[in-house]
Amino acid sequence: MEDTTILDFEFEAHPNPVGAADRTALLADLGFGKVFTDHMVVIRYTADRGWHDARVQPRGPIQLDPACAVLHYAQEIFEGLKAYRLPDGGAALFRAEANARRFAESAERMAMPPIPDALFLESIRALVRADRDWIPDGEGSSLYLRPFMFASETFLGVRPAQEYLYMVIASPAGAYFKGGAPSVTLWTSEHYTRAARGGTGAAKCGGNYAASLIAQAEAIREGCDQVVFLDAVENRYVEELGGMNVFFAFEDGSLQTPPLGGTILPGITRESLIRLARDAGVTVREEPYGIDQWQADAASGRLREAFACGTAAVVTPIGRVRGRGFDFSIGNGGPGMLTERLRQQLTEIQRGVAPDPHGWVERLF
Ligand SMILES: *Cc1c(COP(=O)(O)O)cnc(C)c1O
């Protein structure tokens, strides 16, 4: 199968789509991941036929055999990206090719067949076009797209499956945090790590999230918002949150973020912010940063700001960090100036209201 192959999508319109008035009511009160659009994409893979049977069809439950491989050995990966409403009523994707590439890399790590980038991209475009009326237009809102793929073979033997389902669903999303970005308090996990060298930390797989939930639950129990993971070898270097990368801003105007090394998810927001900061002449270091150093720099005032970033929540200031035996605040506990500047710059490019010097935005209609 050629890498450039794009299948023709069979389109089956929903016989009973949500009516305009109901949709407007749903779009007026958006949280995250609760409301879904009328359609979904399904593409099948079998070892003998490759990718085939691409469809945009009414969204609905799927039937799985109890021996379906993913239910037992968790061969599953996903992506997260957004379609944004443009000022003229059109819509655009942000760096979707980067999501396609990362999806293929995640697939490879999980011994799954990579879906060709072109087919991934076409599936996203097809769903956004089908459900275009579901893209909200409020500031901070967008249509969140969730491509995912799992082993669908009915087989309990332990080996990579020979059948997979690739799907895309879409969920209109409001601002992740209502009323601007408040700062979050982090809980530093002492018992749990997210990823070790040679593991799956750089793959966007459901298993990483399953393994992180107990630490996230501990953070909530401790009265914090999010867990921050340290490295698995020394239990010292800051890695990332359960689903967001992390940045530090210093009094000399420089930025630092933990280096990618196989244990950290290579965030597209992370990479975009590094680019934008460097464009603006900001020094950005991709270097390890210890939790002890973080505490000392916050106390001395050398560290001015810290923030987490990812597609869902965009840029979120970190106001306070707690752990067993320590508790420190960063800056004045609110969003810092560099954090706010980068957040604004990124979101203005995504919404098509600022120039797009790197060609990150693809207009769909
Ligand atoms: C998806 C994800 C991120 C953020 O990646 P983006 O491409 O910026 O959305 C960060 N960490 C983890 C663990 C993730 O799964």
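Helices, taken as DSSP runs of at least four residues, are numbered here from the N terminus, and under this scheme Arg23 is placed in helix H1, which spans residues 20-28. The model is a predicted one. Within it, Arg23 counts as buried, because its relative accessibility of 14% falls under the 20% cut-off. Apart from residues up to four places away in sequence, Arg23 touches Val18, Asp133 and Trp134.

The domain assignment of the protein divides it into domain 1, covering residues 10-173, and domain 2, covering residues 184-350. The centres of domain 1 and domain 2, taken over C-alpha atoms, are separated by 28 Å, and the contact between them takes 18 residues from domain 1 and 20 residues from domain 2. Gly174 is found in the loop that runs between strand S8 (163-173) and strand S9 (184-188). With a relative accessibility of 12%, Gly174 counts as buried, and, leaving aside residues up to four places away in sequence, it touches Leu30, Gly31, Gly140 and Ser141. Gly174 and Ile6 stand 168 residues apart along the chain, and their C-alpha atoms are separated by 32 Å.

The largest pocket has a volume of about 560 Å³. Its lining is made up of 29 residues, of which Lys204, Tyr209, Gly243, Met244 and Ala312 lie nearest the centre of the pocket. The elements that give two or more residues to this lining are strand S7 (142-151), helix H5 (206-221), strand S10 (226-230), H6 and S15. Of the elements concerned, H5 gives the most to the lining of the largest pocket, with four residues. Sorted by class, the lining of the largest pocket holds 13 nonpolar, 11 polar and five charged residues. Since domain 1 (10-173) and domain 2 (184-350) both give residues to the lining of the largest pocket, this pocket lies between them.

The structure holds two cavities of 30 Å³ or more, and the largest cavity has a volume of about 110 Å³. The largest cavity is lined by 13 residues, and those nearest its centre are Tyr84, Phe94, Thr269, Thr311 and Gln350. Two or more residues of this lining come from each of strand S5 (81-85), helix H6 (268-279) and helix H8 (337-350), and S5 gives the most, with three residues. By class, six nonpolar, six polar and one charged residues form the lining of the largest cavity. The largest cavity lies between domain 1 (10-173) and domain 2 (184-350), because both domains give residues to its lining.

In the second largest cavity there is about 30 Å³ of space. The residues that line the second largest cavity are Arg304, Glu305, Ala306, Ile318, Ile330, Gly334, Gly336 and Thr339. Strand S15, which covers residues 303-310, supplies the largest share of this lining, with three residues. The lining of the second largest cavity divides by class into three nonpolar, three polar and two charged residues.

A search of the whole structure finds zero disulfides, the criterion being a pair of cysteine sulfur atoms within 2.5 Å. Cys68 is in no disulfide, and the cysteine sulfur nearest to that of Cys68 belongs to Cys205, at a distance of 17 Å. Cys68 is buried, with a relative accessible area of 1%. Cys309 is likewise in no disulfide, and for Cys309 the nearest cysteine sulfur is that of Cys205, which is 19 Å away. Cys309, at 1% relative accessibility, counts as buried.

Technical notes. Residues numbered from 1 in each chain as written. Predicted model: local features only at pLDDT ≥ 70, side-chain atom pairs only at ≥ 80, totals over all residues. Heavy atoms only, no water. 1 Å grid on protein atoms, 1.4 Å probe; cavity = no way out; pocket = protein on both sides within 12 Å on 5 of 7 lines; lining within 4 Å. Points joined across faces, edges and corners; volume = space filled by probe spheres on them. Nonpolar A, V, L, I, M, F, W, Y, C, P; charged D, E, K, R; others polar. Domains from an automatic or database assignment. Buried < 20%, exposed > 50% of the residue type's maximum accessible area, 1.4 Å probe, protein only. Contact = heavy atoms within 4.5 Å.
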